[in-house]
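Please read it alongside the sequence and the coordinates.

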Amino acid sequence: MTEKLVSIFLPDLNIGGSEKVAITLAREFIQYGLRVDFVLVKAKGDLLQEVPTGANVVDLKASNFVTSLPALVRYLKVSRPQTLLSFMDFSNVFAVLARILARAQTRIVIRIPTTLSLNITPWYKKVMGRILIF
C-alpha cells in the first residue's frame, strides 16, 4: 500500500502561528504513517530546524507567490499529493489556482484566518474568498 502524501504550502518557515500549527500537524501526520512535504515559496526561517524527521522540504526557490506558481504547478503534477494544506490568504489563492492549472486531483484544504475583533476586511478580499470557497 502506498503511503499517502500530505503537502503543506507556506511562504516560508519564519516564526508565526500558521507555521507552528503546520509543524505540529506534520508531526501528527507522520505518526499516523503519512508522508509530509513542506512546499515553501522560499526555504528559509527559524522553524526549518523544527521540521520533523521524516518530512521533506520542497523549496520552490521563488521570491513571492506569483513567481512560485509555475513551480507549484509542476510540483502538483509530479508529486501528486492527495492533499495540499494552505494556511494563509495569498497561499490559499495560489494553491487553488495551481491545482486548476495542473489539472490535479489533489484535495485542497485551506484555512481562512479570521479575527472577529478585526472583521473589517476590504470588499475585494471578501469577494475573492467567496469565489474560492465555491
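The model is a predicted one. It contains four helices and five strands, and along the sequence these follow the pattern β-α-β-β-α-β-α-β-α.

**Whole chain**
- The protein has 134 residues, of which 39% are buried.
- Among contacts with a separation of 6 or more, 64% are between residues 24 or more positions apart.

**Sheet**
- The five strands form an open sheet in the order S3-S2-S1-S4-S5, and the pairing is parallel.
- The edges are strand S3 (55-59) and strand S5 (107-110). Each has a single partner strand, so one side of each has no neighbour in the sheet.
- From one strand to the next, the twist averages 20 degrees.
- Strand S1 (residues 5-10) is joined to strand S4 (residues 83-86) by four bridges in the parallel sense.
- Valine 6 has threonine 83 in S4 as its bridge partner.
- In general, the strands of a sheet pair through backbone hydrogen bonds, in either a parallel or an antiparallel sense.

**Helix H2 over the sheet**
- Helix H2 spans residues 65-79 and lies across S1, strand S2 (35-40), S3 and S4.
- Relative to S1, helix H2 runs at about 180 degrees.

**Asparagine 92**
- Asparagine 92 is located in helix H3.
- Its relative accessibility is 3%, so asparagine 92 counts as buried, the cut-off being under 20%.
- Beyond residues up to four places away in sequence, asparagine 92 touches Ser86, Phe87, Ile110, Arg111 and Ile112.
- Of these, Ser86 falls within strand S4 (residues 83-86), and Ile110 falls within strand S5 (107-110).

**Alanine 102**
- Alanine 102 also belongs to helix H3, which covers residues 89-102.
- Alanine 102 has a relative accessible area of 9% and is therefore buried under the same cut-off of 20%.
- Setting aside neighbours within four places in sequence, the contacts of alanine 102 are Val73, Leu76 and Lys77.
- The C-alpha atoms of alanine 102 and valine 73 are 5.2 Å apart, although the two residues are separated by 29 residues along the chain.

Technical notes
Residues are numbered from 1 along each chain as its sequence is written. This is a predicted model: local features need pLDDT of at least 70, side-chain atom pairs count only at pLDDT 80 or more; totals for chains, interfaces and linings use all residues. Side-chain values use heavy atoms; hydrogens and water are left out. Helices (H or I, at least four residues) and strands (E, at least two) are DSSP runs, numbered from the N terminus. Buried means under 20% relative accessible area, exposed over 50%, partly exposed in between (1.4 Å probe, protein chains only). Contact means heavy atoms within 4.5 Å. Two strands pair if DSSP finds at least two bridges between them. Axes are lines fitted to C-alpha atoms, for helices over the stretch in contact, and angles run from 0 to 180 degrees between N-to-C directions.
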